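Please keep the sequence and the structure in view while reading.

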Amino acid sequence: MGILNVTPDSFSDGNLFLSPQEALAHAEQMIAEGADIIDVGGESTRPGGAAIVSPEEELNRVLPVISQLVKRSPVPISIDTTKSVVARAALDAGAAIVNDISALRFDPQIADEVAKAGAGLVLMHSRGTPGSLHGLPPVDDIIEEVTSSLRSSIALAEQRGVKRESIVIDPGIGFGKSQEQNIELIAKLDRLIAAFPDFPLLIGTSRKSFIGRILADANGNPAPVSERLHASLATLTVAILNGAHIVRVHDVKAAVETVKTAAAIKASDLNCTL
């Protein structure tokens with residue numbers, strides 16, 4: 001899943017693809033590099049990000065890109081949103097998946113729109129409100145918290161008509177978790193996969209803050225976003241070996257090569273010790 005942020009303030013690529021022409025060019029580049037899905041987002045959820053944008057502004061950012069991209073490529077498009085009105089318009093414009101970082105907590109009607117469209121739905125674990133996603137104290141048992149919360153979200157989605165085979169789960173790396181818990185989730189991803197055998201698991205670690213902290217210099221300064229590629233690929237390798245089905249990334253070519261290699265190792269009968 002290639003990330004396409006059409007926002008002025010996303011932590012990694014904000015303001016780079018604001019114009020539809022720039023966004024389309026980047027999407028086509030990611031597709032050429034091997035992206036299987038393009039995830040279009042019009043609202044940043046970075047720590048310390050700007051205030052929530054209105055549905056109108058979010059639609060102004062994403063619809064021109066989605067409507068043109070569906071005409072240019074058969075690759076499925078995902079709309080990264082927590083608003084049912086945005087989800088509805090994006091699905092009408094040709095998007096095939098809704099990626100909801102709140103797992104229906106902010107706007108359960110997203111499930112209604114997905115069900116009506118027969119679309120896919122990504123349910124990502126997070127905690128708190130839009131303004132507190134990244135500022136909450138960590139829970140004691142992150143595996144139990146993610147498992148319990150996602151089960152509730154899946155049940156709600158199915159109650160509202162979303163087909164079971166249309167649902168993907170995401171543990172939500174970086175959303176309401178401590179540094180140690182982000183690492184724990186990646187290391188124990190196989191436990192989540194075992195808990196949800198009927199659902200593909202998506203994971204997004206690309207360039208995130210916990211990687212910057214792992215790579216901090218001697219003074220404790222986190223590595224800048226531009227210097228987190230290799231560590232991001234290391235997390236992808238572990239995630240694939242632990243069973244992840246979909247990875248959400250900024251650097252598609254490097255990620256495709258990493259996934260192919262990790263998947264080849266996983267498919268062998270060799271014992272892989274990390």
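## Paired strands

Leu123 has Ile169, a residue of β6, as its bridge partner. The strands concerned are β5 (residues 120–124) and β6, which run parallel and are joined by 4 bridges. Two strands are said to pair if DSSP finds at least two bridges between them. The names of the elements also come from DSSP: helices are runs of H or I with at least four residues, strands are runs of E with at least two, and both are numbered from the N terminus.

The model is predicted; local features need pLDDT of at least 70, side-chain atom pairs count only at pLDDT 80 or more, and totals for chains, interfaces and linings use all residues. Residues are numbered from 1 along each chain as its sequence is written, and side-chain values use heavy atoms, with hydrogens and water left out.

Strand β5 also pairs with β4 (residues 97–100), in the parallel sense and over 4 bridges. In that pairing, Val98 has Leu121 of β5 as its bridge partner.

How many of the residues of β5 are buried? The count is 5 of 5, and the strand is mostly covered. Here, buried means under 20% relative accessible area, exposed means over 50%, and partly exposed lies in between, with a 1.4 Å probe and protein chains only. In a regular strand the side chains alternate between the two faces of the sheet. In β5, Gly120, Val122 and Met124 point one way, while Leu121 and Leu123 point the other way. Strand β6 (residues 167–170) is covered on both faces, with Ile167 and Ile169 buried on one side and Val168 and Asp170 buried on the other.

Ser166 belongs to the loop between α5 (142–159) and β6. Its relative accessibility is 19%, so Ser166 counts as buried. Leaving aside residues up to four places away in sequence, Ser166 touches Ala119, Gly120 and Leu121; a contact means heavy atoms within 4.5 Å. Ser166 and Ala119 are 47 residues apart in sequence, yet their C-alpha atoms are 6.8 Å apart in space.

## Charged side chains

Side chains of opposite charge can pair when their charged atoms come close. A salt bridge is counted when a side-chain nitrogen of Lys or Arg is within 4 Å of a carboxyl oxygen of Asp or Glu. A search of the whole structure finds 14 salt bridges. The table gives three of these pairs.

| Salt bridge | N to O distance |
|---|---|
| Glu58 and Lys83 | 2.6 Å |
| Arg248 and Asp80 | 3.3 Å |
| Glu184 and Lys188 | 3.1 Å |

The pair of Glu58 and Lys83 meets in a salt bridge. Glu58 sits in helix α2 (residues 55–72) and Lys83 in the loop between β3 (77–80) and α3 (84–93), so that the pair links distant parts of the chain, 25 residues apart. Both Glu58 and Lys83 are buried.

Arg248 and Asp80 also form a salt bridge. Because Arg248 lies in the loop between β8 and α10 and Asp80 in strand β3, the pair ties together parts that are 168 residues apart in sequence. Arg248 is buried, with a relative accessible area of 15%, and Asp80 is buried as well, at 14%. Together with Asp39, these two residues are linked in a network of salt bridges.

Glu113 counts as buried, at 8% relative accessibility. Beyond residues up to four places away in sequence, Glu113 touches Ser84, Arg88 and Leu91.

## Helix α9

Helix α9 (residues 229–241) has 13 residues and should span 18 Å at 1.5 Å a residue; its end C-alpha atoms are 19 Å apart, which agrees. The expected span is 1.5 Å times one less than the number of residues. The buried residues of α9 include Ser232, Leu233 and Thr235. Among the elements that cover the buried residues are α6 (179–187), α7 (189–195) and α10 (252–267). Just after α9, Gly243 takes a positive phi of about 110°.
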